[in-house]
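Let's take a friendly walk through this protein, from its overall layout down to single side chains. Please keep the sequence and the 3D view at hand as you read.

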Amino acid sequence: MEINAAEAATNRSYEDFEPYCKWLTQEGQAILEIHLKGFKKEQLKVETDNWGTLKIYGERPVNATNNKWCRFQKEIKISIGSDTNAIRAKFSHGLLFIAMPKEAVRELFIYGAETRKRTNAIKVAIAVVFVVALGTYVARRVYNDENIQLIS
């Protein structure tokens with residue numbers, strides 16, 4: 001009597017564990033380092049969802065003779081400011097590195113209310129300077145005209 005793969009999977013006993021993790025920061029990106037000794041790349045899965053969650057999980061057999069497996073699952077909220085399209089994972093020598101680069105800060109000039117307020121303030125300042133200059137000019141002219149004596 002043969003046991004198919006689906007039946008074998010249902011007969012597995014699992015041991016859940018929490019892998020050692022640590023955060024690193026390098027060159028404008030956050031890097032999650034997860035220690036997964038004994039795992040192969042094919043036994044791991046890293047994915048993001050539309051709600052800003054990074055999901056990491058994996059399973060592997062503890063030994064081939066008795067259907068005993070170990071597995072883990074982690075869900076991490078992706079920090080605001082991370083570029084979700086640029087998240088990359090690399091597995092090497094039992095260590096899984098997940099790099100989460102920060103988004104480039106883009107300053108956009110938007111002509112809006114703040115810009116209009118500044119523009120209006122500049123216009124008012126120019127108008128004040130003009131009025132003061134004109135007033136000074138007129139005052140000097142009047143003063144000089146009053147002090148001119150006609151010689152007959």
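Where does His 93 lie? His 93 is in the loop between strand E7 (88-92) and E8. Bear in mind throughout that this is a predicted model.

## Overall layout

The protein chain has two helices and eight strands. Following the sequence, the order of these elements is α-β-β-β-β-β-β-β-β-α. The chain counts 152 residues, and 20% of them are buried.

To see how the chain folds back on itself, consider contacts between residues at least 6 apart in sequence: 45% of these join residues at least 24 apart.

As background, most residues other than glycine have a negative phi.

Glu 27 is another non-glycine residue with a positive phi, here about 45°. Glu 27 sits in the loop between E2 and E3. With a relative accessibility of 81%, Glu 27 counts as exposed.

## The nonpolar core

The largest nonpolar core has 15 residues, and the members that touch the most others are Leu 32, Ile 34, Leu 36, Leu 54, Ile 56 and Ile 98. The elements giving two or more residues to this core are E3, strand E5 (53-63), strand E6 (68-77) and strand E8 (95-101). In general, nonpolar side chains tend to be buried together in soluble globular proteins.

Ile 98, with neighbours within four places set aside, is in contact with residues including Ala 30, Leu 32, Ile 34, Val 46, Leu 54, Ile 56 and Ile 87.

## A buried glutamate

Is Glu 33 buried or exposed? Glu 33 counts as buried because its relative accessibility is 8%, below the 20% cut-off. This residue is part of strand E3 (residues 29-35).

What does the side chain of Glu 33 make a polar contact with? The partner is the side chain of His 35, at 2.9 Å. Beyond residues up to four places away in sequence, Glu 33 touches Tyr 20, Cys 21, Lys 22, Leu 24, Leu 95, Leu 96 and Phe 97.

## Aromatic rings and charges

The model contains three aromatic pairs. In one of them, Phe 17 and Phe 39, the ring centres are 6.0 Å apart and the planes meet at 35°, so the pair is tilted. This pair links distant parts of the chain, 22 residues apart: Phe 17 belongs to the loop between strand E1 (13-16) and strand E2 (21-26), and Phe 39 to the loop between E3 and strand E4 (44-48). Phe 17 is partly exposed, with a relative accessible area of 28%, whereas Phe 39 is buried at 7%. Together with Phe 72, Phe 17 and Phe 39 form one aromatic cluster.

Which residue lies over the face of Phe 39? Arg 60 does, at 5.3 Å from the ring centre. Elsewhere, the charged end of Arg 71 sits over the ring of Tyr 14, at 4.1 Å from its centre.

## Cysteines

For anyone planning to look at the cysteines, how many disulfides does the structure hold? The structure holds zero disulfides. As a reminder, a disulfide is a covalent bond between the sulfur atoms of two cysteines.

Cys 21, which is in contact with Glu 33, is partly exposed, with a relative accessible area of 24%. Cys 70 is buried, with a relative accessible area of 7%.

Notes. Residues numbered from 1 in each chain as written. Predicted model: local features only at pLDDT ≥ 70, side-chain atom pairs only at ≥ 80, totals over all residues. Heavy atoms only, no water. Helix = DSSP H or I, 4+ residues; strand = E, 2+ residues; numbered from the N terminus. Buried < 20%, exposed > 50% of the residue type's maximum accessible area, 1.4 Å probe, protein only. Polar contact = N/O pair within 3.5 Å; in protein donor to acceptor, adjacent residues only side chain to side chain. Contact = heavy atoms within 4.5 Å. Disulfide = S-S within 2.5 Å. Phe/Tyr/Trp six-rings, centres within 6.5 Å; stacked < 30°, edge-to-face > 60°. Lys NZ or Arg CZ within 6 Å of the ring centre and 35° of its normal. Core = buried A, V, L, I, M, F, W, Y, C linked by side-chain atoms within 4.5 Å.
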